[in-house]
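Dear colleague,

Please find below the structure that I am handing over to you, together with its sequence. My notes on what was found in it follow directly after.

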Amino acid sequence: MPVNKEAYLQIKKDLDARGIVLVAVSKTRSEEEINELYELGQRDFGENYVQEMVTKAAHLPGDIRWHFIGHLQSNKVKYIAPFVHLVQGIDSPKLLKEINKHAQKNGRTIDCLLQVFIAKEESKFGMDEKELAETMSLSGTFPNTRICGLMGMASFTEDLTIVRKEFQTLKMLFDQMQPQLVSCHSQPVLSMGMSADYLVAVEEGSTMVRIGSLLFGAREPGYHA
Ligand SMILES: *Cc1c(COP(=O)(O)O)cnc(C)c1O
């Protein structure tokens, strides 16, 4: 499937103009497809399976910034710790602790986003407000991690008023937590918005969007998450 270069260039230009980071979600896509966007200047790519990200990172240019956007199991942190740019889905203090341990072993600091549960669906991962506060309060004990912001996924629904409300909830939590967040990349990060809802997310204050299908075409049917 050819990469949609025109869509990429247009989306990238619009987001750049607003100072919003575009993460190209390349899960299931070939290294060739990733290279096509790389050659157009794209450097931030998002993956949600550890093995897939490790293999791609080994073969593709070293200046790619790899974002882990999936559900990360503690026992797999070690594989991505040497190179991951941003772990977007922290959903427990236990995971943060594990990341801290492997960051230390690799002599680096790993940037993280806390994932917030904002959708109506049971299947989505993330913390509620109380768990967020707990994790934040422990973050000082993990010196090799930095909590740079929040990430969330809205419900899969065509009703954008629901999606908008969920993004507003996330933005409100983000604003409350701003004083405790580290400005890892010049400003705290609010990662929200995917192909179907990124325009709403941008209107509601997103600073980072994660877009796959609009750039690479639809994924294989039956592929979830
Ligand atoms: C797959 C995925 C995306 C991108 O989805 P598209 O609909 O293809 O844009 C964004 N965020 C997460 C966490 C994902 O798993």
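Fourteen is the count to start from: of the 14 residues around the ligand, those that come nearest are K27, S195, G212, S213 and R219, where a residue is near a molecule if one of its heavy atoms lies within 4 Å of it. Please note that this is a predicted model, in which local features need pLDDT of at least 70 and side-chain atom pairs count only at pLDDT 80 or more, while totals for chains, interfaces and linings use all residues. Residues are numbered from 1 along each chain as its sequence is written, and side-chain values use heavy atoms, with hydrogens and water left out.

The ligand site

A polar side-chain atom of K27 is 2.7 Å from an oxygen atom of the ligand. An N or O atom in the side chain of R210 lies 2.9 Å from a nitrogen atom of the ligand. G212 contributes a polar backbone atom, 2.8 Å from an oxygen atom of the ligand. On its own the ligand has 390 Å² of accessible area, and the protein covers 94% of this (Shrake-Rupley method, 1.4 Å probe; for residues, only the protein chains shown count as cover). Two or more residues of the shell come from each of β6 and β8 (208-211); helices (H or I, at least four residues) and strands (E, at least two) are DSSP runs, numbered from the N terminus.

T28 lies in the loop between β1 (21-25) and α2 (31-39). T28 has a positive phi of about 70° although it is not a glycine. Most residues other than glycine have a negative phi. At 37% relative accessibility, T28 is partly exposed; buried means under 20% relative accessible area, exposed over 50%, and partly exposed in between (1.4 Å probe, protein chains only).

Helix α5 (residues 93-105) has 13 residues and reaches 19 Å from its first C-alpha to its last, close to the 18 Å expected, the expected span being 1.5 Å times one less than the number of residues. Its buried residues are L95, L96, E98, I99, N100, H102 and A103. Among the elements that cover them are β4 (86-90), β5 (110-117) and α6 (129-138). Just after α5, G107 takes a positive phi of about 60°.

Which residues does N144 contact, leaving aside its neighbours within four places in sequence? They are N100, A103, Q104, R108, T109 and I110, contact meaning heavy atoms within 4.5 Å. N144 is found in the loop between α6 and β6 and is buried, with a relative accessible area of 15%. A polar atom of its side chain lies 3.0 Å from the backbone oxygen of R108.

T141 lies in the loop between α6 and β6 as well, but T141 is exposed at 52%. The backbone oxygen of L138 is 2.5 Å from a polar atom of the T141 side chain.

M192, in the loop between β7 (189-191) and α8 (198-203), is buried with a relative accessible area of 0%. Residues that M192 touches include F167, L170, M208 and R210.

Yours sincerely

Methods
A polar contact is a pair of N or O atoms within 3.5 Å; within protein, one must be able to donate a hydrogen and the other to accept it, and residues adjacent in sequence count only if both atoms are side-chain atoms.
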